[in-house]
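Open the model in your viewer and keep the selection tool at hand.

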Amino acid sequence: MSSILEQLEAKRNEARLGGGQGRIDAQHEKGKLTARERLDVLLDEGSFEEYDLYKTHRCTDFGMQDQQIAGDGVVTGWGTIHGRPVYVFSQDFTVFGGSLSETHAEKICKIMDLAVQNGAPVIGLNDSGGARIQEGVASLGGYAEVFWRNAQASGVVPQISVIMGPCAGGAVYSPAMTDFVYMVKDTSYMFVTGPDVVKTVTNEVVTAEELGGSSTHTKKSSVADAAFDDDIETLLETRRLFDFLPLSMHEKPPVLPTTDLPDRIEPALDTLIPDDPAQPYDMREVITKIADEGDFCELQKDHAGNILVGFIRLNGAPVGIIANQPMVLAGCLDIDSSKKAARLVRFCNAFDIPILTLVDVPGFLPGTAQEYGGIIKHGAKLLFAYAQATVPMVTVITRKAYGGAYDVMASKHIRSDVNYAWPTAEIAVMGAKGASEIIYRKERDDPDKIAARAQEYEDRFANPFIAAQRGFVDEVIMPRSTRARVIRAFEMLKTKKVAAPLRRNDNIPL
């Protein structure tokens, strides 16, 4: 018996070495952790239960039958993060460059099926050269099986992708279908075709970093939600994000204990809005002042800065936050900000996370670039997402809420549950000067008359009370009391139930 146990331990040790010590050392020299070391950081200590440790590929072409390595380039199983279960896979670049084979895909598919069956999130740590060329169409079929499961799991269990190395070709579509994508600066990249193919086809000379590095995907493409300095920071931030998410659509988001009083008053908010309506202020300050312990888990921070999205906690409970940012483009909605916000609204609605919307929006960004780029359809994505949402929604208008953008940003008319306004709120079709020039177009050549008309319009409409008189705003509140009022509103909305119309699926304007 003892010899059999020794053989088992020897097999385990061999399998855990992956591609061997030499390749492990090469991984470390690049500043990267191995697949197993990453799981040690991501998961609670001692919680990892591995599946298919000894599984190998079945390929016999190109001499592959002589290159059998246990695990076949991916470590799969489940563990816990702060005591809550999660299914994981971690691609091992030391084994065939982490390339995906038919059996590699089978291992990933197994844990995805278990995640949906048992109601637990999936986190994938991606570090792969793509499809295993030696297997041809079998590896492509493996990718398609993973893609299908990504689609089936969407809205059922949260899915997080962490890009920790190369991710090329078909490999990028699985992360793109997951809910959140994190990257590691300087060592990870994503692209459909690499620099060599780009040069051949389009004659463009571009580096891998320029084509698909973390800067590209966090600032330009918005494929990634955030990027961090190294493997360890990225994995710790993944743990932080995980704490805001429910295990599945059938579970409530986790409520954590907090020492931050729910009725805490913030006097600084009373003086945050400048007297000059053209002067910006930082909406991030509003978010951190009302959040538990000032903690804001921001997503897509470097993309579409005119809107802020992410998660906060209010009295311990996770809340999704959408907020116009006056510091960038005066907080206007444009193509990128509309898509960015719509994505989070739909995620929150899928997983029963309440939504808080902070509004300071002068309208949609004008210009030919926006119109040619489809601002109408992209803006409609945000409108559609809010109009379809059935989770508890609270809206606070801090300053401007003009035109169609007022409607889009979780107004009462598209079924936000509780709508507050600060006394500094301005709810109108447009700004006073523009409105006056249209209403009194015959007086446009007289600056003094137009200025007087604009002041008249501002006195009449640049306040929240006209909307409050019609019931479009439930209450005009003191800014200092925002945290307390919002927490009470969400507490009251805990039992909200809305029956959605019966249909196969909606047809969001994509």
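A cavity here is a set of grid points, on a 1 Å grid over the protein atoms alone, where a 1.4 Å probe fits but cannot get out. By that rule, this predicted model has four cavities of 30 Å³ or more.

**Stop 1: the largest cavity**

Select Gln91, Asn126, Tyr143, Ala171 and Ser174. Of the 13 residues that line the largest cavity, these are the closest to its centre. Which element gives the largest share of the lining? That is α5, with three residues. By class, the lining of the largest cavity has nine nonpolar residues, four polar ones and no charged ones.

**Stop 2: helix α5**

Next, select residues 137-153, which form helix α5. Its 17 residues reach 24 Å from the first C-alpha to the last, close to the 24 Å expected at 1.5 Å a residue. Show the side chains of Ser139, Gly142, Tyr143, Val146, Phe147, Arg149, Asn150 and Ala153, the buried residues of α5. Look down the helix axis: these buried residues fall within an arc of 165°, so they line one face of the helix. Then turn to the face directed away from the buried side, where you will find the exposed residues Val137, Leu140 and Trp148.

**Stop 3: asparagine 150**

Zoom in on asparagine 150, in helix α5. Is asparagine 150 buried or exposed? Its relative accessibility is 2%, so asparagine 150 counts as buried, the cut-off being under 20%. Leaving aside neighbours within four places in sequence, asparagine 150 is in contact with Met112, Gln159, Ser174, Met177 and Thr178.

**Stop 4: the second largest pocket**

Finally, select Ala226, Ala227, Phe228, Lys301 and Asp302. Among the 18 residues lining the second largest pocket, these lie nearest its centre. The volume of this pocket is about 290 Å³. At least two lining residues each come from α9 (214-220), β9 (226-228), α10 (231-242) and β10 (297-299), and α9 supplies the largest share, four residues. Colour the lining of this pocket by class to find six nonpolar, four polar and eight charged residues.

Notes:
Residues are numbered from 1 along each chain as its sequence is written. This is a predicted model: local features need pLDDT of at least 70, side-chain atom pairs count only at pLDDT 80 or more; totals for chains, interfaces and linings use all residues. Side-chain values use heavy atoms; hydrogens and water are left out. The expected span of a helix is 1.5 Å times one less than its number of residues. Buried means under 20% relative accessible area, exposed over 50%, partly exposed in between (1.4 Å probe, protein chains only). The arc is that of the directions from the helix axis to the C-beta atoms. On a 1 Å grid over the protein atoms alone, a cavity is a set of points where a 1.4 Å probe fits but cannot get out, and a pocket is an open set with protein on both sides within 12 Å along at least five of seven lines; lining residues have an atom within 4 Å of a point. Grid points are joined across faces, edges and corners, and a volume is the space filled by probe spheres set on the points. Ala, Val, Leu, Ile, Met, Phe, Trp, Tyr, Cys and Pro count as nonpolar, Asp, Glu, Lys and Arg as charged, and the others, Gly among them, as polar. Contact means heavy atoms within 4.5 Å.
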